[in-house]
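Here are a few notes to read alongside the structure. Keep it open and look for each feature as you go.

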Amino acid sequence: MVKIAPSILSADFANLERDIRRVSSADYLHVDVMDGCFVPNITIGIPVVQCIRPVTELPLDVHLMIERPARYVERFCQAGADIVTVHVESDTAENTAKALELIRGCGKRAGLALKPATPAEAALPFLDQCALVLVMTVEPGFGGQSFLADTMPKLRRLRQWVDQRCLPCELEVDGGIDLVTCRTAAENGAQVLVAGSAVYRAENLQERIQALRERAEKRSEA
Ligand code: DX5
Ligand code: ZN
């Protein structure tokens with residue numbers, strides 16, 4: 001089954017609790033953390049994760065777009081994150097392995113994210129330690145951008161490796177997912193689809209979540 005992870009980056013931060021409740025039928029809640037260094041934007045951090053934890057039962061899928069994330073991953077876990085994803089480009093290989101280990105040490109699921117230009121091979125040394133690999137389908141930093149279809153061969157390679165090695169690693173895509181591109185992503189091996197504007201710009205959010213799920217699944221079965 002394809003999972004849908006609405007990104008609260010597209011929510012109304014003045015009404016965050018309301019906007020989180022409006023997506024209660026989703027599978028994960030995607031939380032984009034940006035530090036103004038790794039990406040040219042600044043969003044939310046640990047206190048916000050802590051505040052939203054009690055208002056939803058959805059697993060919190062925290063996407064860290066920050067430099068040297070090993071410094072902070074444990075605090076995100078303690079704040080209530082269920083999945084903590086770090087970018088492979090945000091530190092040395094040694095520190096990336098350390099960040100993943102720290103997340104697992106907190107009993108949480110560790111994820112690794114790849115920017116559009118980063119090859120699939122960059123994830124290879126870490127695949128055994130990851131519960132999730134996130135393939136960025138836009139440049140990280142902003143919602144509302146167009147899906148980069150040229151990232152699909154990378155997703156297919158990752159899907160092959162994960163299947164061949166029977167790894168318990170979910171493949172997630174993030175950026176530009178809508179009622180059309182959700183099919184493309186699922187067809188190429190994605191199991192978790194992050195959707196910010198496609199969910200929050202819809203008139204009925206729960207219906208849009210279901211529509212994304214159904215369209216993605218239809219295509220992946222075809
Ligand atoms: C971008 C973020 C995404 C963003 C997706 O850096 O990681 O999660 O919210 O937004 P849409 O779905 O609007 O492209
Ligand atoms: Zn994200």
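**Notes on the fold and the metal site**

1. Let's start with overall size. A compact globule of 222 residues would have a radius of gyration near 17 Å, and the protein chain has 16 Å, so the two agree. Please remember that this is a predicted model.

2. The protein chain contains eight helices and eight strands, and its C-alpha trace spans about 45 × 40 × 30 Å along the principal axes. Of the 222 residues, 53% count as buried. Among contacts with a separation of 6 or more, 65% come from residues 24 or more positions apart.

3. Now find the zinc ion (ligand 2). Which residues coordinate the zinc ion? They are His30 (NE2), Asp32 (OD), His63 (ND1) and Asp174 (OD), at 2.0 to 2.3 Å. The site is octahedral, with six donor atoms and angles of 69 to 169° among them. Along the chain, the donors follow the spacing H-x1-D-x30-H-x110-D. Aspartate 32 in strand S2 (residues 29-34) and histidine 63 in strand S3 (residues 60-65) link distant parts of the chain, being 31 residues apart. Both aspartate 32 and histidine 63 are buried.

4. Valine 62 touches several residues beyond four places away in sequence, including Val31, Phe76 and Ile83.

Terms used
Residues numbered from 1 in each chain as written. Chains lettered and ligands numbered in written order. Predicted model: local features only at pLDDT ≥ 70, side-chain atom pairs only at ≥ 80, totals over all residues. Heavy atoms only, no water. Donors = N, O, S within 2.8 Å, 3.2 Å for Na, K, Ca; no water. Tetrahedral: all angles 85-135°; square planar, octahedral: opposite > 155°, others 65-115°. Helix = DSSP H or I, 4+ residues; strand = E, 2+ residues; numbered from the N terminus. Buried < 20%, exposed > 50% of the residue type's maximum accessible area, 1.4 Å probe, protein only. Contact = heavy atoms within 4.5 Å. Rg over C-alpha atoms; globule rule 2.2 N^0.38 Å.
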